[in-house]
There are 2 protein chains.
Amino acid sequence: MRGVMMYGPGDVRVEERDAPKVVEPTDAIVRLTASCICGSDLWPYRGAEPLYTTPQAMGHEYVGVVEQIGAQVKNVKVGDFVVGSFVASDNTCEICQAGYQSRCIHNVMMGEFGTQAELTRVPLADGTLVATPGQPEADLIPSLLAASDVLGTGWYGAVAAEAGPGKTISVVGDGAVGLSAVLAAKQLGAERIIMFSRHPERQALARAFGATDIIEDRGDEGAAKVKELTGGYGAHGTVEAVGTQESMWQAINATRPGGYVGYVGVSHGVELDGLNLFFTSVHLHGGPAPVRQYLPELIQLIWDRAIEPGKVFDLTLPIEDAAEGYKAMDQRSATKVLLTF
Amino acid sequence: MRGVMMYGPGDVRVEERDAPKVVEPTDAIVRLTASCICGSDLWPYRGAEPLYTTPQAMGHEYVGVVEQIGAQVKNVKVGDFVVGSFVASDNTCEICQAGYQSRCIHNVMMGEFGTQAELTRVPLADGTLVATPGQPEADLIPSLLAASDVLGTGWYGAVAAEAGPGKTISVVGDGAVGLSAVLAAKQLGAERIIMFSRHPERQALARAFGATDIIEDRGDEGAAKVKELTGGYGAHGTVEAVGTQESMWQAINATRPGGYVGYVGVSHGVELDGLNLFFTSVHLHGGPAPVRQYLPELIQLIWDRAIEPGKVFDLTLPIEDAAEGYKAMDQRSATKVLLTF
């Protein structure tokens, strides 16, 4: 099968790999209908994070059709169209039952398998995969794929930011996760949604997803603008979807004392000074999103065409051109790239 | 009037100072029935934190009788016995109304006035002071004084740790705040309360307050013991009541993914690595406790003799001997010192 491999910063190739097989009786093999490139794939692409192996199979998002199941799999069957989280989980341990499937005591990161490929093995299939109500129409595929990571991650950020009726939510990061957080905040009932963005097309998509205000300033100036817009108090909650020192403090300082910061950008070089944090009095919550918790609800919203998170994909390429897709995302000429087979 | 002054590390003196006067029409003057020394007073005493002025008037906890009120004060009257938080607040702004009076947009730190003294000015009296149902019996004074800071702070920590029925809560820090957090977790219905302590008398008080388990290990070993006691998962929530790098990570690592860390120890030298924090998936919340939020409930519990938080005071001294009290707390021969006039 064809799959994307990274050999080092900026060096992405598409190669033939062995097709995955059922190893454990709880495994499923899924034939991908589409895959995509994640903002987090850019960290090693930019040399800001080492590869785990060289070369490394890339990708952790996936939707597709179940091709084979292990002997113990009973929640999905061959032929089902499925969506799964970027973290495989048993969905039965205490952590999963509390809604934190991304930190399941048996969790397996799907990045291990490299889902920018025609086929993937999915461990703990019963706990990980959610079947759609039927075979989806083609135009639903991007949105279902978005549910596998960016939508679920933005949703988690918005939930952690306590988005809800009457609330003002600000969003730091105008990538696919930040944009999804805007969509999520809107769905969760937020009254006012403030997006930080300097990028005209992303601003437009943010507004389409529900943003009511756009701020182009960053850092302390950006945070100060949020306070100006909120009677000096700050946002009730903020989603942080970047992962840098500046973006974290921008999010924290944009939020009022007692407010909520949901941080879902994978931290790179972030150090939080304890005393400064202490006197912000914010709630800080984040980490890898428990996408599995939200999948049934998100799939239904997509199925009913109540939301269209697939709009974050603004470039579609055949997998052969994956290198071009990485380049476009790195240069920010594309927000998120969908790969077809 | 007599008041405690700190001239530098280890140098505490009791001196005559001018009596405070009503400055703003929203002020009250309170004649203290008792005051006390706080764990946070030990930071400058140990030279770990500079004085704001030299010498500095010390103290921020207080109970007593209203002696004078400004023209606009209407919620308390001369002769009322009152308890107030260590932060004065208007109790009307959006931050106060959301329950974060310690971060009121008009907040004033009571440490500014130095309440280890016979009299104190209390700004924003209507929003800050809560009158007791009547003149308290003498044996209630220590508990009412505890409500002014340590009990309210421990309570906030336990609330932030989401202590409640069926929950396992661990508590880092066996000072007066940590012990109060044990009492709070018990009152809030926690099923199991794990106290970290190596000090036999504090262990005994923790058990009297509701602790079910004691762990003598610290740091990673201590956190690992909590995981052992909780089926490998970790506590549902942890109260951090120290404020050091070791105690913060001990608290975070003792807590399960998706769990809650309430941190109320004023941070000294804490730096949180963003990536490590990200993968813990805990909720982190803390800061200066909004004691005012809890005062009506806590005063009633004390009045009804349902709780006796005043047990944290294990040494009572006349104010003239304040220096001896600081020394006893510094050497940990006393947990908390009550000062009388």
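This is a predicted model: local features need pLDDT of at least 70, side-chain atom pairs count only at pLDDT 80 or more; totals for chains, interfaces and linings use all residues.
Residues are numbered from 1 along each chain as its sequence is written, with chains lettered from A and ligands numbered from 1 in the order in which they are written. Local features need pLDDT of at least 70 and side-chain atom pairs count only at pLDDT 80 or more, while totals for chains, interfaces and linings use all residues, and side-chain values use heavy atoms, with hydrogens and water left out.

Contact (heavy atoms within 4.5 Å) links 34 residues of chain B with 34 residues of chain A. The area buried between the chains (accessible area, 1.4 Å probe, lost on putting the two together and summed over both) is about 3200 Å², of which carbon and sulfur atoms give 60%. Of the area that chain B buries against chain A, Arg103(B), Tyr233(B) and Phe278(B) supply 21%, more than any other three residues.

Two salt bridges (a side-chain nitrogen of Lys or Arg within 4 Å of a carboxyl oxygen of Asp or Glu) are counted between the chains, and one salt bridge is formed by the side chains of Glu94(B) and Arg256(A), at 2.7 Å from N to O. On the side of chain B that touches chain A, the elements giving two or more residues include α2 (94–97) and α10 (274–280) of chain B, and α10(B) gives the largest share, six residues.

Notes. Helices (H or I, at least four residues) and strands (E, at least two) are DSSP runs, numbered from the N terminus.
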